[in-house]
Amino acid sequence: MRADVPVVETSGHGELPVGALGYLQRTIVALLRPAPEPVLGVRIRLTRLPDPAVTHPMVAQANVDLGGRLLRVQVTAGTAAEAADLLAARLRRRLEQAHTDRYRHSRGEGRDAPGTQQGPGARVSRRKSYRLATCSVDEALAEMEGCDYDFHLFTEAGSGQDSVLYRDVAGPRLAQLHPQPDQVAPHTATVSISGHPAPPLTTEQAIDRLGLSGLPFLFYRDEDSHRGHLLYRRYDGRYGVIAPAG
């Protein structure tokens, strides 16, 4: 068993039950203590949203520095204890996936084709292009939750906009290439909608901005295609780009 896990920060926001933060920290630290790779630091946050209409007001987050790779997980729940347990379960899956990816990478499996690290954008080690699914916010959220994604790039059915749905501290949030909140198709999920358009950037500019922000991904308008692209951090410290095809 490894030495104790260094908890960089544990913070609470809103009206929390007595002992909720301690239970959350103990749960996450116990999960990380036998991790197969060194845990360099953890930031844990528990938030109770003030809106009484929200059915799952507890938001739990953990940011883990696993041997230099950043893992971020977030869940919502009805109670603080449930949020802690759900967060631990989701983090356990992410740790298992990170360990599998590390093993495959060490064996040379899943490496990108030669030439993907040449020229501009050399820090991008993976590019994915596919035809975006056209769906509602509810369908995009179901896909994101079912696959345990932190974000999901799709074409929003009502506005026809390249859009990304992602986990925010207050719950799911929608960002669009050119925001048209009044055109978004009807949905039942409680989702906030950003009013800011995607910034027009080259891939290199997007990498620089993401590096400065410390965020796990960046949604931007590609200056060549004028489509919505999503730049994200990979487990190996490099970057990946998801782009629409066609």
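Author: His-152 counts as buried because its relative accessibility is 12%, and buried means under 20% relative accessible area, whereas exposed means over 50% and partly exposed lies in between (1.4 Å probe, protein chains only). The model is a predicted one, in which local features need pLDDT of at least 70 and side-chain atom pairs count only at pLDDT 80 or more, while totals for chains, interfaces and linings use all residues. Residues are numbered from 1 along each chain as its sequence is written, and side-chain values use heavy atoms, with hydrogens and water left out.

His-152 belongs to strand 7, which covers residues 151-156; strands (E, at least two residues) and helices (H or I, at least four) are DSSP runs numbered from the N terminus. Leaving aside residues up to four places away in sequence, His-152 touches Ala-140, Glu-143, Met-144, Ser-163, Val-164 and Leu-165, where contact means heavy atoms within 4.5 Å.

The search of the whole structure finds three aromatic pairs, a pair being rings of Phe, Tyr or Trp (its six-membered ring) with centres within 6.5 Å, called stacked when the planes are under 30 degrees apart, edge-to-face when over 60, and tilted for the rest. In one of them, Phe-151 and Tyr-232 are tilted, with 6.0 Å from centre to centre and 45° between the planes. This pair links distant parts of the chain, since Phe-151 is in strand 7 and Tyr-232 in strand 13, 81 residues apart. Phe-151 and Tyr-232 are both buried. Tyr-166 and Phe-217 form an edge-to-face pair, 5.3 Å from centre to centre with 70° between the planes. Here too distant parts of the chain are linked, with Tyr-166 in strand 8 (residues 162-168) and Phe-217 in strand 12 (residues 217-222), 51 residues apart. Tyr-166 and Phe-217 are likewise buried, and Phe-151, Tyr-166, Phe-217 and Tyr-232 make up one aromatic cluster.

Strand 13, which covers residues 228-233, also holds Gly-228. At 0% relative accessibility, Gly-228 counts as buried. Not counting residues up to four places away in sequence, Gly-228 touches Leu-153, Asp-162, Leu-177, Phe-219, Tyr-220 and Pro-244. Gly-228 and Pro-200 are 28 residues apart in sequence, and their C-alpha atoms are 9.2 Å apart in space.

Elsewhere in the chain, strand 3 (residues 58-66) is mostly covered, with seven of its nine residues buried. Strand 3 runs antiparallel to strand 2 (residues 39-48), to which nine bridges join it; two strands pair if DSSP finds at least two bridges between them. In this pairing, Val-42 stands opposite Val-64 of strand 3. Nine bridges also pair strand 3 with strand 4 (residues 69-77) in the antiparallel sense, and Asp-65 has Leu-70 in strand 4 as its bridge partner. Strand 3 and strand 4 form a hairpin with two residues between them, and Gly-67 in the turn has a positive phi of about 60°.

To place these parts in the whole, the protein chain has four helices and 14 strands, and 42% of its 246 residues count as buried. Of the contacts in the protein chain between residues at least 6 apart in sequence, 45% join residues at least 24 apart.
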